[in-house]
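User: I have a chain here that I want to go through with you. Can you take it from the top?

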Amino acid sequence: MGYTGVSPESAWTGLAVRTTLGNPSTRPGMSLPGRVTVSAGGLPVPVDEIRVGLLTQVESPSPDARRRLLQFCSAPAAGGFAVAAGQTRAVDFALPVPWETPVTVVDGKVPLNLRMALRTEVRVGSGLAQGPTVPVFVHPLPAQAGVLDALHTLAFTPRQVGLRYGRLPWAGQLLPFHQVLGFWVAPLYTGPITELEVTFVADPEELEVVFWLDRRLALSGLTHASVSRFRVRHAGAGRQQWPALVDGWLRRALNHHGDVAAGGPSEPISEVMHVNRPPSEPERPGIGLEGIGGGSGEGGGGGT
């Protein structure tokens, strides 16, 4: 198996925990298979429950606030068994990956602020062993990849990416945060806007694509923003003419942006667009979350 995290024996539970992922790469809507191995020391240990979950760091809607660590999904792997003294017990699991899970592999790279990990927790009575963390890499769905590739073809330049805490009021969002991918506007669309931010909200049937258009006058600090939303089904994503489709979306969004500037109706905008942050720095795949307790990771292989 490819990626492994190992924690030392816990004083709370008397167990050492080892978590292994055969392939740390996944996509939203898939399951993430792996194995948890628990080893007892000099005494037998009754295990009440083993849980696995996905962990990442998200930003506050305020640009000045610190990022917070968030476990946004978890599932039981096993429970109700005993590990004899000096023995080990292995448990296989398959964690469902939520459809709204953010993409962490962008253009083949993992930006610093998009790192994600799988964490294991083992409960023994009132004690809880915070198990190891193992890096996880979330690749885009075909429709998400189609939109991102089309923006590249249309000459939009990536600026920054982030995970923001909070739900969008007009989207069928289930997770308590959402991903934003920021771009400098392409020359073909410059003038009405200077920046584009994209948010994906996926479900089993379709992908909602949210365009945030912004025109910021740097010297005056004035800004004019609008929101446009589009939907596309997952079925047939591989046959879609993505540059033409996204170009059509952008032109409709620009028309809406002009209507909003003239006083027309707009979607409510309830958060600050983080236009003043520097571009995100990429990090090579294979690096786990830093500063998260519970063990270390050992590199291996695995990719889609």
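Analyst: A word on terms before the surface figure: accessible areas here come from the Shrake-Rupley method with a 1.4 Å probe. The model is a predicted one. On that basis the chain exposes about 13700 Å², and carbon and sulfur atoms supply 53% of that area.

User: How many helices and strands are in the chain?

Analyst: The chain has 2 helices and 19 strands. Buried residues account for 50% of its 304 residues. Of the contacts between residues at least 6 apart in sequence, 67% join residues at least 24 apart.

User: Take β2. Is that strand mostly covered or mostly open?

Analyst: Mostly covered: 5 of the 7 residues in β2 (residues 15–21) are buried.

User: And which strand does β2 pair with?

Analyst: β2 pairs with β4 (residues 31–40) in the antiparallel sense, over 7 bridges. Thr19 stands opposite Val36 in β4.

User: Switching to Trp99. Where is it?

Analyst: Trp99 sits in the loop between β9 (88–96) and β10 (110–111). With a relative accessible area of 27%, Trp99 is partly exposed.

User: What is Trp99 in contact with, leaving aside its neighbours within four places in sequence?

Analyst: Pro28, Gly29, Leu141, Ala202, Asp203, Pro204 and His234. Pro28 is 71 residues from Trp99 in sequence, yet their C-alpha atoms are 4.5 Å apart.

User: Now charges. How many salt bridges does a search of the whole structure find?

Analyst: The search finds 9. One of them joins the side chains of Glu206 and Arg231 at 2.7 Å, N to O. This pair links distant parts of the chain, with Glu206 in β16 (residues 206–216) and Arg231 in β17 (residues 223–233), 25 residues apart.

User: Which other Glu meets Arg231?

Analyst: Glu208, in a salt bridge at 3.5 Å, N to O. Glu208 is in β16 and Arg231 in β17, 23 residues apart. Glu206, Glu208, Arg229 and Arg231 are linked in a network of salt bridges.

User: Are Glu206 and Glu208 buried or exposed?

Analyst: Glu208 is buried, at 2% relative accessible area. Glu206 has 19%, and the limit for buried is under 20%, so Glu206 counts as buried too. Arg231 is partly exposed at 46%.

User: What about Asp247 and Arg251, how far apart are they in helix α2?

Analyst: They are 4 residues apart in α2 (residues 242–261), which means a separation of about one helical turn. Asp247 counts as buried at 17% relative accessibility, while Arg251 is partly exposed at 42%.

Terms used: Residues numbered from 1 in each chain as written. Predicted model: local features only at pLDDT ≥ 70, side-chain atom pairs only at ≥ 80, totals over all residues. Heavy atoms only, no water. Buried < 20%, exposed > 50% of the residue type's maximum accessible area, 1.4 Å probe, protein only. Contact = heavy atoms within 4.5 Å. Pairing = 2+ DSSP bridges. Salt bridge = Lys/Arg side-chain N within 4 Å of Asp/Glu carboxyl O.
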